[in-house]
Every structure is written in structure tokens, then in C-alpha cells.
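Here is a friendly walk through a two-chain model, written for someone who likes to know the cut-offs. Please have a look at the sequence and coordinates before reading on.

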Amino acid sequence: MNVRIIKDKMMHAGVVFVTLCTLVPLFAIIYSVVAKGIGQINWDFFTKVTPNSMEAMLAVAEGKVIPGGVLQGIVGTLLIVLPATFAAVPFGIGGGIYLYEKDNSRLAAVLRMIVDMIQGLPSIILGIIVYLWVVVPMKSYSAIAGSVAMFIMMLPMIVRSTEETLRMLPNNLREAGLTLGGTNFRVMMRVMLPSAFGGTATGILLAVSRVIGETAPLTLTILGSANVCYDPREPNSAVSLLIWEFYNDPNMQSLIWSAALLLLVIVLLLNLLAKKLSKG
Amino acid sequence: MNQYPIMKIKNLSVEYAKGKPAVKNINAEIMNHTVTAIIGPSGCGKSTLLRAMNRIHELYDNINVTGEILLDEENIFRKSPIIVRRKIGMVFQRPNPFPNMSIYENVLSGYTLNGIKLKKSTKNEIVQTNLESVGLWDEVKESLQKKGTFLSGGQQQRLCIARALALRPQVLLMDEPTSALDPIATKKIEELILQLKNRVTIVVVTHNMQQATRLADSSMFMYLGELIEYLPTYELFNNPKNKKTQDYISGNFS
């Protein structure tokens with residue numbers, strides 16, 4: 001056989017092998033989370049709050065599934081992430097438009113630097129800052145504080161994805177809008193942003209899926225709660241925070257995996273949706 | 001038809017950087033209801049000149065323009081660029097229908113972008129008339145709600161012309177409108193240009209000298225930012241006064 005063909009086949013085999021190697025950890029993770037977590041997934045898991053340690057211990061001793069679920073975490077996560085998203089989307093898109101429009105201005109350079117710095121900030125530091133800014137003045141841990149932390153985390157991702165997507169659009173699209181007598185603002189709202197919808201929506205979903213799993217800043221802002229709480233001024237719970245709490249309670253071990261499974265499924269779905277949107 | 005100069009270019013210079021003009025001291029008059037071609041080698045400033053005519057060059061910083069361009073005796077640099085661009089439409093090298101809009105919405109986009117609200121019946125009429133005048137109506141009347149980007153390149157370019165015509169401009173600027181199209185699509189666009197000059201004055205930048213001879217009533221030859229010669233097309237190609245024009249049209253440099 002020709003040497004070139006042999007080389008080609010070897011390269012091909014090598015690439016396939018390396019690809020498989022990267023897929024193994026992903027499937028191993030999904031497998032173990034599902035295997036360990038599926039046992040606790042039942043109706044109660046979504047509709048009841050977490051039992052106290054004593055009830056869990058008794059159930060485990062009798063070989064039953066732990067009664068109750070993570071309802072307060074689901075409510076808390078929604079109460080924290082939804083307002084954060086609603087606030088971060090307009091500000092993030094606005095910031096992205098600004099960076100795109102005023103590409104070379106000094107303010108854009110400063111803004112871009114700040115955005116990159118926030119993106120690189122360890123989330124625990126963000127937690128401490130929000131503790132100082134929100135929790136201390138309000139004299140209470142609260143879902144609001146959690147939302148503020150999540151908002152700050154999401155902002156740079158949305159700003160950057162909006163800017164990048166706008167930049168990928170052909171420049172003559174904008175010129176075409178302006179030659180029809182559109183103002184900059186109308187061309188942006190009617191042509192550029194709608195054309196960039198796929199990329200921007202992807203950025204938003206990825207930002208949501210990223211913050212939904214954050215735990216460190218939540219320990220410093222929402223503290224935790226054993227009951228469902230709808231008041232954003234009160235301490236609250238979150239699915240990710242519950243995983244951490246279950247880990248610290250020897251009686252709750254199997255709930256760790258069920259909560260992890262829930263989080264994993266949400267994040268995977270958000271990522272798949274993001275992928276679909278980005279392809280338009 | 002009663003002909004008069006609809007556009008007058010007076011002492012126009014365009015500088016991208018201080019002291020480095022891309023277009024130098026141009027003086028020319030463009031007659032209404034004619035097709036004027038701008039030819040010349042790459043980098044001679046023909047696109048720059050065209051883009052100054054509807055002030056689209058203002059999108060980019062640090063571009064300095066001196067001189068005047070008069071449209072119906074009014075200096076366009078003294079008017080709102082929005083009004084200027086409504087009266088002076090533009091078609092680009094690559095067809096660029098708005099990807100977020102249907103064919104129907106693309107034709108009306110000039111009105112949408114100007115914030116003009118129209119009745120449904122007026123909209124339908126504008127869409128039909130303008131698609132008809134670019135010869136696209138029969139091809140797309142069943143699929144008006146499809147995205148404009150589904151059309152072939154030549155159809156997309158005709159859609160872009162319809163979109164520009166919908167605003168009833170006085171002048172239509174075309175920047176190498178067929179250089180991204182195949183010969184058949186090119187032929188259709190050229191036929192269209194000849195039909196349209198009854199309604200609108202057309203200025204077309206082209207790399208293709210045959211195209212200039214086929215389309216243009218008069219032609220400008222530009223070289224290194226200067227307008228070397230501006231004559232009726234037949235004169236320019238058969239009896240050029242300037243040595244540079246002669247060299248260029250006989251293919252001695254490009």
C-alpha cells in the first residue's frame with residue numbers, strides 16, 4: 001500500500017482514539033450520577049422539602065428511600081436565577097452593542113477590561129463582595145443577594161457573546177440598513193440584533209447554565225433554608241447549595257446524587273438548546 | 001426626456017488619513033435618467049467616490065471630506081444623512097437581503113427602518129410593484145413569506161434593488177453589483193439597469209469594461225484618486241484624450 005494512504009489511516013485512527021478518550025469522562029460522569037441518583041427520583045423529590053436529618057437516618061436504617069425532596073432548592077434556584085437573568089439580558093445586550101458600536105473609544109476599552117476581569121474573578125470573591133454590598137446593609141442573607149451575585153456573573157458572558165455575534169455579521173448588512181435611511185438605532189433593533197439572535201440567545205443560555213450550578217457565592221449570600229420561601233428578602237435555598245449541605249450530612253448521602261442528577265439534566269438541556277439555537 | 005444635471009460634484013476630496021487623499025479634487029456633473037459608469041484600476045478611489053455620494057463613508061471614523069456634492073442644487077453634506085440616503089439608494093457588491101426578514105419584509109424594510117407605518121393594502125402594492133419592476137414577482141409571489149436568503153444570488157441582488165427602489169430614490173448607486181454573480185444573473189441585472197434608468201439616475205462602479213460599454217451613457221475613468229476623463233462612454237472607449245485612459249482600456253495595465 002501507498003505510504004501516504006497508511007499515514008492517512010494512522011492519523012485518522014489517532015484522531016478517533018483521542019476523541020473517544022475525551023468522551024469517556026463525560027459518559028462516565030453521566031453514568032455514575034444517573035446510577036447513584038435515579039433511586040431517589042420520584043414525585044416527592046420535586047414536591048416536598050428536604051426531611052430533617054433524623055427522618056433521613058431512620059429511613060436509611062430501614063433500607064427505604066429518604067422521604068422528601070428538594071422543593072425549597074428548586075424554588076430558591078428559580079427565585080435567584082430568573083430575576084438575575086431578566087436583569088442581565090438587557091444590560092448585557094446593551095453593553096455588547098456599546099462595545100460593538102464604539103469599538104475604538106476609550107470607554108469601550110475600559111468596559112472591555114472590566115468585563116474580562118469580572119469574567120475571570122473567582123466566584124467566591126464575588127460572593128464576599130456581594131455579602132459586603134447587599135447582605136450587610138440589608139442585615140440578612142437573602143435571595144436578592146444571590147440574584148445580585150448571579151447577575152454580576154452573567155453580565156460579562158452576555159456582553160461578550162452579543163458583541164462577538166454582532167461582529168460576525170457581514171458589515172454590509174449594517175451599511176444596507178443605513179443606506180435605506182435607517183438611523184443607527186433602528187438598524188440595530190430591526191436588522192442587526194434580530195440577525196444576531198441565535199448567537200445572543202446561545203450566550204444567554206450558556207450564562208444561565210453556568211450560574212445555575214454555582215455554589216460558592218450562594219453560601220455567602222442566600223445561606224440556605226429548610227423550607228420553601230417565596231420572600232426574596234429572606235434567606236433561601238438552591239439546588240446547588242443543597243448538594244453541598246447533603247454532602248455535610250452523613251444521613252443524606254443518596255440525596256446528593258439525586259440533586260446532582262437534577263442539576264446535570266438541567267445544564268445538559270440548556271446546553272443542547274443553546275447548540276440548537278446557535279445553528280439557527 | 002428633459003435632461004439636466006441632477007448631481008453636481010464640486011472640488012470633492014476624500015482623505016482616509018491626513019494628507020493622503022483617496023479621492024482628489026473631483027468635479028463632475030451627473031445627468032438625470034442616465035447610467036454613469038465609474039471605471040479604473042483597483043484602489044483608484046472609485047468606491048470611495050461612490051460611497052461619498054450617499055455619505056455612507058461617514059460610518060467610519062477619521063474620514064475627512066472637503067468639497068460639495070449637490071443633489072438638485074442642495075449640498076448633501078448640509079442635510080441630514082438620513083434624508084440624503086432615502087433619496088440616494090445603494091446596491092452592494094455582495095447581495096445582502098436582511099437575513100432576519102422575509103422577502104416581503106425586505107422590500108418594505110426601507111419604510112420599517114424609517115419608522116413609517118403603512119396600511120396593509122399599501123404594503124402589498126409596494127411589494128408587488130417593486131418586485132415586478134425588478135422582474136422577481138413571478139418567481140417569488142408564492143413564497144413572499146420565505147426568508148430572502150433562500151433565493152439564488154442573482155435573485156437576492158434583484159431583491160436588494162427592489163428594496164432600494166421601494167423608497168423611490170432619485171439616484172441609485174451600485175458598487176460592482178454583478179461581480180459576485182454568474183453570467184446569466186449578470187445579464188438580468190444589466191437588462192434591469194437599462195430599464196430602470198427611465199425612473200432613476202444610476203451610478204455604477206464596475207471592474208468590467210465591457211459592462212461599462214453595455215450599460216453606461218457616460219463613463220468616468222479614475223486613476224490614483226483623480227478623475228482623468230469623463231466622457232460619453234462611446235467617446236471614452238473609442239477616442240480617449242488621455243494616455244492613461246488609453247492604456248487602461250487597451251489593457252496595458254490594470
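## Salt bridges and the interface

Over all chains, the structure holds 24 salt bridges, a salt bridge being a side-chain nitrogen of Lys or Arg within 4 Å of a carboxyl oxygen of Asp or Glu. This is a predicted model, in which local features need pLDDT of at least 70 and side-chain atom pairs count only at pLDDT 80 or more, while totals for chains, interfaces and linings use all residues. Residues are numbered from 1 along each chain as its sequence is written, chains are lettered from A and ligands numbered from 1 in the order in which they are written, and side-chain values use heavy atoms, with hydrogens and water left out.

| Salt bridge | Closest N and O atoms |
|---|---|
| Glu175(A) and Arg51(B) | 2.7 Å |
| Glu163(A) and Arg167(A) | 2.9 Å |
| Arg55(B) and Glu58(B) | 2.5 Å |
| Lys141(B) and Asp138(B) | 3.5 Å |

Salt bridges that share partners join Asp103(A), Arg112(A), Asp116(A), Arg160(A), Glu163(A), Glu164(A) and Arg167(A) into one network. Accessibility is worth a look here: buried means under 20% relative accessible area, exposed over 50%, and partly exposed in between, with a 1.4 Å probe and protein chains only. Glu163(A) counts as buried at 2%, whereas Arg167(A) is partly exposed at 33%. Both residues lie in helix α7 (residues 143–168) of chain A, four residues apart, or about one turn of the helix. Helices here are DSSP runs (H or I, at least four residues), as are strands (E, at least two), numbered from the N terminus.

Now to where the chains meet. Contact (heavy atoms within 4.5 Å) links 27 residues of chain B with 19 residues of chain A. The two chains bury about 1,900 Å² between them, 63% of it on carbon and sulfur atoms; buried area is the accessible area (1.4 Å probe) that two parts lose on being put together, summed over both. On the chain B side, Leu59(B), Asn100(B) and Leu113(B) lose the most area to chain A, together 29% of what that side buries.

How many salt bridges are there between chain B and chain A? The count is one, formed by Glu175(A) and Arg51(B). On the side of chain B that touches chain A, α2 (81–87), β6 (88–91), α3 (103–113) and α6 (153–165) each supply at least two residues. The largest share, four residues, comes from α3(B).

Turning to chain A as a whole, its secondary structure comes to 13 helices and zero strands. Its C-alpha trace spans about 75 × 70 × 30 Å along the principal axes, and 43% of its 280 residues count as buried. Among contacts in chain A between residues at least 6 apart in sequence, 73% join residues at least 24 apart.

Asn239(B) is partly exposed, with a relative accessible area of 43%. From Leu131(B), Asn239(B) is 108 residues away in sequence and 39 Å away in space, C-alpha to C-alpha.
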